[in-house]
Amino acid sequence: MSAVSKNEQSGFTVAIDGPAAAGKGTISRAVAAHFGFAHLDTGLLYRAVGAMGGDPVAAARRLSPEDLARPDLRSAEAGQAASKVAVIPEVRAALVDFQRSFARRMGGAVLDGRDIGTVICPEADVKLFVTASPEVRAARRLKELRDSGFATDFATVLADVRARDARDAGRATAPMVMAEGAVLLDTSAMAIDEAVAAAIAAVAARR
Ligand code: CDP
């Protein structure tokens, strides 16, 4: 049996966690493309719930794929709103089943977020914790935001990164923490293609 057909039967899961703007998104997309896995950016779920307004628990329970396609979900405001609704246990609970069934899909899956290796898929085949210094992450996020047409400055983005780190790591339910057995990938001094290569190597080593 080839590696691909074996994988199609086993639903190989890659869990990628880490703080804001550490490179999780780029790394997750590249790992998914390399191995032919599906990718779910779980941050989008929380961003959509935050952006929908009204009662966040009701919003999480009725979340649909169209809500994830809103054009404003990448803004800094949507990120802050996401981390505020993400502290609510009932919001998190409403999103668990969708994430778990995505993780188990045939053909393999990469999920990135904050609690994938700890809460959503503690049994994941590979867990990565991708991080970088707050300053490096703020510089990367500033470039991303400017490239997407959002006007902002370094100090504002750094403050945003620090505020979200504190909220995400300090919450009682599913705090952002490196999962047991995770591979730590500190991308502070790495170019993005080096970080991607390191992640692909970590996944390849466990297949
Ligand atoms: O892209 P970035 O890393 O800035 O953020 P994101 O992954 O889109 O996540 C936005 C916010 O959603 C985070 O700051 C977390 O508060 C929350 N989140 C979470 O609690 N659990 C996840 N699995 C993913 C995101």
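**Pocket, helices and sheet**

Guide: In this predicted model, the lining of the largest pocket has 17 charged, nine polar and nine nonpolar residues.

Visitor: Which residues lie nearest the centre of the largest pocket?
Guide: They are Ala21, Lys24, Gly25, Arg74 and Arg141, out of a lining of 35 residues. The volume of this pocket is about 750 Å³.

Visitor: Which helix gives the most to the lining of the largest pocket?
Guide: That is helix 8, with six residues.

Visitor: Why is helix 3 called roughly perpendicular to helix 5?
Guide: Their axes cross at roughly 95° and come within 7 Å. Angles of 65 to 115 degrees count as roughly perpendicular, so helix 3 is roughly perpendicular to helix 5. Helix 3 makes the contact with Tyr46, Arg47, Val49 and Gly50, and helix 5 with Ala78, Gly79, Ala81, Ala82 and Val85. Six of these contact residues are nonpolar, two polar and one charged.

Visitor: And the sheet: what is the order of its strands?
Guide: The five strands of this open sheet follow the order 2-3-1-4-5, with parallel pairing.

Visitor: What makes strand 2 and strand 5 edge strands?
Guide: Each of them pairs on one side only.

Visitor: How do you know that strand 1 and strand 4 pair?
Guide: Pairing needs at least two bridges. Four bridges join strand 1 to strand 4, so the two strands pair. As one example, Ile16 has Leu128 of strand 4 as its bridge partner.

Definitions and conventions
Residues numbered from 1 in each chain as written. Predicted model: local features only at pLDDT ≥ 70, side-chain atom pairs only at ≥ 80, totals over all residues. Heavy atoms only, no water. 1 Å grid on protein atoms, 1.4 Å probe; cavity = no way out; pocket = protein on both sides within 12 Å on 5 of 7 lines; lining within 4 Å. Points joined across faces, edges and corners; volume = space filled by probe spheres on them. Nonpolar A, V, L, I, M, F, W, Y, C, P; charged D, E, K, R; others polar. Axes fitted to C-alpha atoms, helices over the stretch in contact; angles between N-to-C directions. Parallel < 35°, antiparallel > 145°, perpendicular 65-115°, else oblique. Contact = heavy atoms within 4.5 Å.
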